[in-house]
Each structure stands twice: as structure tokens, then as C-alpha cells.
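Colleague: I am new to this structure. Please show me how to read a few of its features.

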Amino acid sequence: EELGEAVWERPGSAPLGGRELLELAVASGVAAWATWAALLMPGFRRVPLRLQVPYQPSGPQQVANALALLRGRPGKTVDLGSGDGRLVVEAYKQGFRPAVGYELNPWLLCLSNYRAWKAGYHGKVSFLKKDLWKVNLSDCYNVIVFLAPSVKPPLASKLLAELPDEARVVAGRFPFPSWTPSSTLGQGLEQVWAYDMKEVRRAAQSSSAEGSPV
Ligand SMILES: C[S@@+](CC[C@H](N)C(=O)[O-])C[C@H]1O[C@@H](n2cnc3c(N)ncnc32)[C@H](O)[C@@H]1O
């Protein structure tokens, strides 16, 4: 057999050639992408690719740390990209009112509503099928973000433009690269950072007065 001809033989049938193998690889790639798009990222067609964040649920310690940095604070509490609703349900359980999750994936919204119902909070917490980039955040005082580092810079601009001065943002897994946290809790993957908008704005103003980029 010549070198480079048949590379994979099936018993009782003609061997697969390079072209067939290539077609098989392309078809598998398309199938894998379609499965990913249908199951994990449905509802994201209108969100630019660079702003899409896949689902990765927080662990119990991450949830506990995030809510500990918000403890005792009044006002609307939101999870931007609420996944299966675990943070919102736990926030409600700990007394945060109202507690709202924004999520685009319909499967995760179903899971969230099931989680709320199981906890006895059906109709008490809200899970809204809304694009977090399009939601107006001007009435949010406690904002939880467990999102990828790549979206932190555009998210920082949105939060700076919309949140009230009294708002606190808690980021999980990755800090905001250009903001200074007012407090932090946990280590490694469980670390969370809290940012008070008044302080963030003050720092942004003083560094722009000094001429350095924020
Ligand atoms: C890393 S997961 C975090 C889930 C949840 N907050 C947690 O910590 O368990 C990010 C979530 O954001 C959702 N998401 C991503 N982009 C979104 C958007 N533009 N609008 C609403 N939800 C979005 C994803 O579907 C995913 O469930």
C-alpha cells in the first residue's frame, strides 16, 4: 500500500482515504458545535461572540463568600448571568430582597425556577430571560458577577455608567483588573472581591485628573 493512501481500514469495507477522513472531521466538528450551541448557549444568537460567557456554576464556598461580602446590605440584589439560580436562591434565603437573576439560557432558567420552587421561594425570587448587557442597572445596589475575565473591561464601563454610588459589586473568580477592591474574602478559586462604586468612581476621577488611563 502506498504511503499517504489509505490511513484507516474498516473490516470488510473499503479503507477511508484522506478526503473522507477530512469530511468526517469537519462533520464531527459541526456536530460538536451544534450540540454546544443548542444545549449550552441557546438564546445567545444576538450577543456578540466576544461578550459570551459559558456556564460554569459557583461552588458552595464561592456562593458563601460572595454573599458574606454583601451581608446586611439593603436594596435590589442581582446576579448578572445567574446560571442555575444558586446564588439568587441563597441570597433570598439570607434575606436579600428583591433577589433577581438575569440569564439567557432557557435550560438554566428552567433549572433556576425548579430550584426556587424546591426551596419554597416560587414567586418570591425572579429569574428574567434578559441579556445582561441590555439590562438597566440603575436600581441595583448589590451586584454579583461570576463572569469571564475577558468581559470585565466592557462590564466595568457599564457598571460605572449605570450603578448608583451606593452600589457594591462582588466579583468571583477574577477581579476587575483596573479597580481597587474595598475588601476581599477567600483564597485561590474561592476568592471574591467587593467594590464600592463611590470609591471606584473617586479613584477613576483622581487617576484621570493625573492623566493616567483607568
Ligand atoms: C460563569 S456562569 C455563572 C453562573 C452563576 N452566576 C453562578 O455563579 O453559579 C455565567 C452565566 O452567565 C450567563 N450569561 C452569559 N452571558 C449572558 C448575557 N449576555 N445575558 C445573560 N446571561 C448571560 C451564562 O449563560 C452563564 O449561565
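Colleague: Which residue lies over the face of Phe-176?

Modeller: First, the rule: a charge sits over a ring if NZ of Lys or CZ of Arg is within 6 Å of the ring centre and within 35 degrees of the ring normal. Here Lys-152 lies over the face of Phe-176, at 5.2 Å from the ring centre. Arg-97 lies over the face of Tyr-92, at 3.6 Å from the ring centre.

Colleague: What should I know about the model itself?

Modeller: It is a predicted model: local features need pLDDT of at least 70, side-chain atom pairs count only at pLDDT 80 or more, and totals for chains, interfaces and linings use all residues. Residues are numbered from 1 along each chain as its sequence is written, and side-chain values use heavy atoms, with hydrogens and water left out.

Colleague: How many aromatic pairs does a search of the whole structure find?

Modeller: A pair of aromatic rings is described by the distance of the centres and the angle of the planes. Rings of Phe, Tyr and Trp (its six-membered ring) pair if their centres lie within 6.5 Å; planes under 30 degrees apart are stacked, over 60 edge-to-face, and the rest tilted. The search finds five such pairs. One of them is Phe-176 with Trp-179, which is stacked: 4.4 Å centre to centre, 20° between the planes. Another, Trp-179 with Tyr-195, is edge-to-face, at 5.5 Å and 70°. Helices (H or I, at least four residues) and strands (E, at least two) are DSSP runs, numbered from the N terminus. Ring pairs link Phe-176, Trp-179 and Tyr-195 into a cluster.

Colleague: Why does Trp-179 count as buried?

Modeller: Buried means under 20% relative accessible area, exposed over 50%, partly exposed in between (1.4 Å probe, protein chains only). Trp-179 counts as buried because its relative accessibility is 7%. Tyr-195 is at 0%, so Tyr-195 is buried too.

Colleague: Which residues does Ser-82 touch?

Modeller: Contact means heavy atoms within 4.5 Å. Not counting residues up to four places away in sequence, Ser-82 touches Val-88, Gly-101, Tyr-102, Glu-103 and Phe-127. Ser-82 sits in the loop between β1 (76-80) and α3 (86-93). Its relative accessibility is 4%, so Ser-82 counts as buried.

Colleague: Where is the place of Arg-173?

Modeller: Arg-173 is in the loop between β5 and β6. Its phi is positive, about 70°, although Arg-173 is not a glycine.
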